[in-house]
Amino acid sequence: MEKNGIVVPTGFPELKNDTFLRAAHGEETKYTPVWCMRQAGRYLPEFRETRAAQDFFATCRSPETCCELTLQPLRRFPFDAAIIFSDILVVPQALGMEVVMVPGKGPTFPEPLKEVEDLLKLRQKVDVATELAYVFQAITLTRHRLEGKVPLIGFSGAPWTLMSYMIEGGGSNTMAKAKAWLYRHPEASYRLLTLLTDVIVEYLVRQVAAGAQALQVFESHAGHLGPDQFAEFALPFIRSIAKGVKNKLQENALPAVPMIIFAKNAHYALEDLAQSGYEVVSLDWTTCPQEARQRTGRTVTLQGNLDPCALYASKEKIGELVKRMLEGFGSQRYIANLGHGLYPDINPEHVGAFVDAVHMHSCNLNKCS
């Protein structure tokens with residue numbers, strides 16, 4: 001089926017477990033739903049085996065492989081949601097930039113943006129449907145193969161985070177080059193952030209059309225900005241994405257899906273994030289659950305925020321930490337997760353202990369029958 005030039009697959013299996021979606025919408029749930037950022041990752045031996053002989057971004061461009069990697073953690077653990085295997089840097093690739101994964105170093109841009117004139121090298125009109133078709137194909141395939149077990153989450157990086165990678169040429173402890181642009185070239189920075197926002201909006205809308213049932217936006221580098229820079233160069237674009245996606249979904253008669261914003265280390269902006277148009281605000285592990293509840297009220301669902309390193313503890317200790325976390329957040333309007341992604345050397349059995357503890361302790365809090 002096609003709506004306004006967007007191909008919309010049909011015949012998806014009926015959803016059997018909607019706990020995650022109900023929590024995201026602020027509805028009452030029998031227990032607290034749980035999933036993990038980077039739940040499809042190197043901590044799983046089957047993931048390492050699947051990825052062994054393939055370039056990272058070649059993997060991202062293979063719908064069949066992305067589907068397999070997305071499903072692997074669901075075969076081991078009773079997660080309440082799946083998140084499509086992909087990478088936030090496929091968006092800069094769609095803009096015409098080369099990105100390679102260098103062993104021991106991570107994602108690298110051989111030719112990062114150095115001068116304002118370099119913006120002219122980027123595609124100003126991106127054919128999102130073509131350039132990122134492999135992501136949409138992966139989502140549709142995975143949605144079918146999930147067989148309705150749990151909802152499927154799509155995602156994108158946020159504009160500031162993507163901009164910082166595009167200028168730094170990779171990871172950075174300071175983001176000094178990217179932040180220099182904000183101070184020295186504010187107008188050019190706005191142009192780049194606006195271009196990224198426009199692409200991200202269409203990218204996320206087409207993910208929903210392909211079968212995504214929720215969306216998460218990763219502002220992973222928010223912590224490199226202070227309150228003033230965040231308010232000027234990150235928050236307006238975060239808001240524009242939420243508004244743009246919701247408007248376009250409505251215009252194209254596509255399902256309204258819950259949206260999650262994860263702005264790592266943006267403690268100063270909790271109130272603003274709660275009013276930025278997202279149903280869910282995801283928190284990193286440095287945020288106190290009780291304080292987050294107090295500052296955001298009951299207007300949004302909160303997600304998070306166990307320290308990923310807590311999974312190095314014993315299973316018994318993990319259970320204690322989960323119980324304390326649940327008591328801090330409360331078991332309603334809440335989605336359990338980590339405060340960032342799973343680390344590669346975490347024992348899979350401890351991931352299972354985390355998931356089981358969330359279900360057990362939230363059930364006890366809710367006095368499940």
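On a 1 Å grid over the protein atoms alone, a pocket is an open set of points where a 1.4 Å probe fits, with protein on both sides within 12 Å along at least five of seven lines, and its lining residues have an atom within 4 Å of a point. You're looking at a predicted model, where local features need pLDDT of at least 70, side-chain atom pairs count only at pLDDT 80 or more, and totals for chains, interfaces and linings use all residues. Residues are numbered from 1 along each chain as its sequence is written, and side-chain values use heavy atoms, leaving out hydrogens and water.

Let's start with the largest pocket. It has 47 lining residues, and Arg-38, Arg-42, Phe-56, Asp-87 and Met-101 lie nearest its centre. Elements that each supply at least two lining residues include α2 (45-51) and α8 (159-168); helices here are DSSP runs (H or I, at least four residues), numbered from the N terminus. The largest share, three residues, comes from α2.

Now for a pair of helices. The axes of α7 (residues 133-145) and α10 (residues 186-210) come within 8 Å and cross at roughly 30 degrees, with axes being lines fitted to C-alpha atoms over the stretch in contact and angles running from 0 to 180 degrees between N-to-C directions. That is why α7 counts as roughly parallel to α10 (angles under 35 degrees). Which residues of α7 and α10 make the contact? On α7 they are Val-135, Phe-136, Ile-139 and Thr-140, and on α10 they are Tyr-203, Arg-206, Gln-207 and Ala-210, where contact means heavy atoms within 4.5 Å.

Terms used
Parallel < 35°, antiparallel > 145°, perpendicular 65-115°, else oblique.
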